[in-house]
Every structure is written in structure tokens, then in C-alpha cells.
Amino acid sequence: MLSLNVNGQSIDVDVEEDTPLLWVLRDTLQLTGTKFGCGIAACGACTVHLDGVATRSCSIPVGDVGNSKVTTIEAVGAEGLSAVQKAWIAEQVPQCGYCQSGMIMAVSALLSENPDPSDEDIDQSITNICRCGTYPRIRKAIKQAVKLQAGS
């Protein structure tokens, strides 16, 4: 039995320690907002936060999570849309939508560390893959989220 802190709640799960965190979130805890993409931590569809750091949940064994706080897309905007979510809607970023939860988690982590990232910062930090190719909209939405967070 492992104890996890997920979205601010302490939860016990009866899984093998080598089970990827993604499958514990999706299959055991029914938090299906986090998506399976490539399974090798390359695409970022499975991005969650571990203590606020964007982490690819498909490649981290749940036994390695320890006392870290896990935050999933379900907790982002739970008390009202976040600046990133508002910008995503305003800039009409999603097309198929599959990668969007991972993108929003990655961008939220970036903006919490760097509230006004340059284009180079964005390129280095947001390595998630969008098969629909919405990268120009994503960059525009990130800039919009910066403005929303700054209150302008």
C-alpha cells in the first residue's frame, strides 16, 4: 500500500511500486484528464506536477513519488479558470484537444517559475508535442496568460 498526495488529498493506493504514475492516476484514481501519449516521456501528454515541477507521469514509477505532491489537470482551475486556461480558450488553442492537459500543465509550471518567459524560454521549456501543430497558438496563448497573470 502506497500513500500519495494527489490534488491536495492524501490517498492510499494498492499498486505495485513500479507501476507508472500515469496508470495509477488514470486507472486506479480515475483521474483521466492526464493522457497517455507515447509512453516514453517524449510527447508530454502525460505531464503532471510533482511539487510544482512539470513531470512526465508515464515514465515515473509511483514508488518514486514518495512524499511529493502530485497535481493533475483536474486541480488546475478547480476554483475558477486559471490564466493559462483563460488564454487557451481566448486563443482557441485546442484542435483535437488530446495533448492540451499536458500542455497546460507544462505551461503552468513554466509560468510559476518564470512569469514572463521569452520565446527562447518557451522553446526550451515547452517540449510537449501537438500533433495538430497548434504551436503558434500555444505561443500566443502563453503570452496572453502572462498578461492575464500581470493583470493587464
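**Helix packing, cores and cysteines**

Let's start with two helices. The axes of helix 2 and helix 3 come within 9 Å of each other and cross at roughly 130°. Axes here are lines fitted to C-alpha atoms, for helices over the stretch in contact, and angles run from 0 to 180 degrees between N-to-C directions. Helices (H or I, at least four residues) and strands (E, at least two) are DSSP runs, numbered from the N terminus.

A word on the source. This is a predicted model, in which local features need pLDDT of at least 70 and side-chain atom pairs count only at pLDDT 80 or more, while totals for chains, interfaces and linings use all residues. Residues are numbered from 1 along each chain as its sequence is written, and side-chain values use heavy atoms, with hydrogens and water left out.

Back to the pair. Helix 2 and helix 3 are therefore oblique to each other. On that scale, angles under 35 degrees count as roughly parallel, over 145 as roughly antiparallel, 65 to 115 as roughly perpendicular and the rest as oblique. The crossing of helix 2 past helix 3 is right-handed. A crossing is right-handed if the near helix is turned clockwise from the far one by less than a right angle, and left-handed if anticlockwise.

Which residues of helix 2 meet helix 3? They are Val84, Gln85 and Trp88. Across from them, helix 3 supplies Gln100, Met103, Ile104, Val107, Ser108 and Leu111. Contact means heavy atoms within 4.5 Å.

Now look at helix 2 by itself. Ala83, Val84, Gln85, Ala87 and Trp88 are buried there. Buried means under 20% relative accessible area, exposed over 50%, and partly exposed in between (1.4 Å probe, protein chains only). The buried residues of helix 2 pack against helix 3 and helix 5. An α-helix has 3.6 residues a turn, so residues three or four places apart point the same way.

Just after helix 2 comes Gln92, with a positive phi of about 50°. Gln92 sits in the loop between helix 2 and helix 3. Is Gln92 buried or exposed? At 56% relative accessibility, Gln92 counts as exposed. Asp51 also has a positive phi of about 50°, although Asp51 is not a glycine. Find Asp51 in the loop between strand 3 (47–50) and strand 4 (53–56).

Next, helix 3 and helix 5. They pack at an angle of about 45°, with their axes 11 Å apart. That makes helix 3 oblique to helix 5. Helix 3 passes helix 5 in a right-handed crossing. From helix 3, Met103, Val107 and Leu111 take part. Helix 5 answers with Tyr135, Ile138, Ile142, Ala145, Val146 and Gln149.

On to the cores. A nonpolar core is a set of buried Ala, Val, Leu, Ile, Met, Phe, Trp, Tyr and Cys residues joined through side-chain atoms within 4.5 Å. The largest one has 22 residues, and Trp88, Ile126 and Ile142 touch the most other members. Which elements give two or more residues to this core? Helix 2 (83–90), helix 3 (100–113) and helix 5 (135–150) do. Helix 3 gives the most, with seven residues.

Take Ile142. Leaving out residues up to four places away in sequence, Ile142 touches Trp88, Val107, Leu111, Pro117, Ile122 and Ile126. There is also a second, separate core of 17 residues, and Val15, Leu21, Leu25 and Leu29 are among them.

Arg26 is in helix 1 (residues 21–28). Arg26 touches Leu31, Thr32, Thr34 and Lys35, not counting residues up to four places away in sequence. Arg26 and Thr71 are 45 residues apart in sequence, and 13 Å apart in space, C-alpha to C-alpha.

Ala78 is in the loop between strand 5 (69–71) and helix 2. Ala78 is exposed, with a relative accessible area of 58%. From Ala78 to Asn128 is 50 residues in sequence and 23 Å in space, C-alpha to C-alpha.

Last, the cysteines. Cys43 is buried, with a relative accessible area of 9%. Cys99 is buried, with a relative accessible area of 9%.
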